[in-house]
Amino acid sequence: MLMIPSFSFIRFVRLFIKHTADRYKTYFMSWAVLIGVLLLGGILFIYALPDEMNVSFQIALYVMVMLAAGTIFTSNLFADYGDKKKAISTLTLPASHFEKYLVAWVYSVPLFVMVYTASFYGVLIFLLRLKPGGEHERIFSVISDNPAGFKIYIVYGLLQAVAFYGAIYFNKLHFIKTAFAFFITIAVLMISNKYLLGWMTGHKVRPNVPFGEMRFTEQMHNIVIRTPPQYDWITQYTVMAFILILWVAAYFRLTEKQV
């Protein structure tokens with residue numbers, strides 16, 4: 001039987017406010033840690049690198065910290081369900097599973113990306129002013145200077161969806177167990193992809209993730225086969241579909257939680 005999730009906007013807003021009021025101290029401390037990591041890491045990079053902090057370096061730093069911080073933050077959103085006392089009060093709240101799910105999703109996707117981006121820019125402007133002549137360096141634009149475009153947010157969405165599902169599926173050590181399962185799955189996919197492509201082409205293909213480039217050696221020459229750029233949308237939409245599947249699976253996993 002198809003289950004239609006119950007949703008009330010007023011109830012959702014009240015739940016969002018309650019969630020924020022209950023956890024604002026934890027979130028503020030997490031934000032302070034993020035600022036500290038950006039500041040300390042940025043200062044080390046500024047004085048360790050002989051070259052200027054160019055746009056490419058800024059983008060790389062933005063992406064790496066976002067992926068790491070986002071997955072850690074997401075993996076702790078459902079920590080209350082691992083504690084029996086907290087789980088009882090959380091599950092008995094006068095709100096539907098969908099509304100509880102949506103509150104966590106809003107915090108881990110749009111809110112996190114906006115807060116992180118604003119924090120990163122604030123720290124970046126401050127760091128460039130510390131460096132001699134740094135205030136004259138150009139600050140990157142997420143939209144115009146990013147060669148990967150919105151692909152970095154697809155990657156973030158994928159890692160967030162994995163962490164989101166793991167946070168609901170596991171009761172304890174959410175981040176560690178999810179990361180372990182994720183890397184094991186990636187290793188299995190890479191090995192399977194290697195032997196499948198090798199069987200299809202008759203070459204000894206090097207390991208790579210599905211939909212990635214295919215590499216092999218023929219007559220002492222390294223051959224690399226990539227998907228033409230005009231077909232990149234197939235990979236992107238496939239990954240986006242997988243993200244949606246994980247989000248839906250996470251919701252139904254949450255509905256199985258009982259007092």
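So, α1 and α2 cross in a right-handed way, meaning that the near helix is turned clockwise from the far one by less than a right angle. Helices here are DSSP runs of H or I, at least four residues, numbered from the N terminus. This is a predicted model, where local features need pLDDT of at least 70, side-chain atom pairs count only at pLDDT 80 or more, and totals for chains, interfaces and linings use all residues. Numbering starts from 1 along each chain as its sequence is written, and side-chain values use heavy atoms, with hydrogens and water left out.

Back to the pair: the axes of α1, residues 9-48, and α2 come within 12 Å and cross at roughly 150°. Those axes are lines fitted to C-alpha atoms over the stretch in contact, with angles from 0 to 180 degrees between N-to-C directions. So α1 is roughly antiparallel to α2, the label for angles over 145. Touching here (heavy atoms within 4.5 Å) are Tyr27, Leu34, Leu38 and Phe45 of α1 with Phe57, Leu61, Val65, Ala69 and Phe73 of α2. By class that's nine nonpolar, no polar and no charged residues; nonpolar covers Ala, Val, Leu, Ile, Met, Phe, Trp, Tyr, Cys and Pro, charged is Asp, Glu, Lys and Arg, and the others, Gly among them, are polar.

Next, what about α2 and α4? The axes of α2 (55-75) and α4 (97-130) come within 10 Å and cross at roughly 140°. That makes α2 oblique to α4, oblique being what's left after under 35 (roughly parallel), over 145 and 65 to 115 (roughly perpendicular). This crossing of α2 and α4 is right-handed. The α2 side of the contact includes Gln58, Leu61 and Val65, and the α4 side includes Tyr107, Ser108 and Phe112.

How values were computed
Helices (H or I, at least four residues) and strands (E, at least two) are DSSP runs, numbered from the N terminus.
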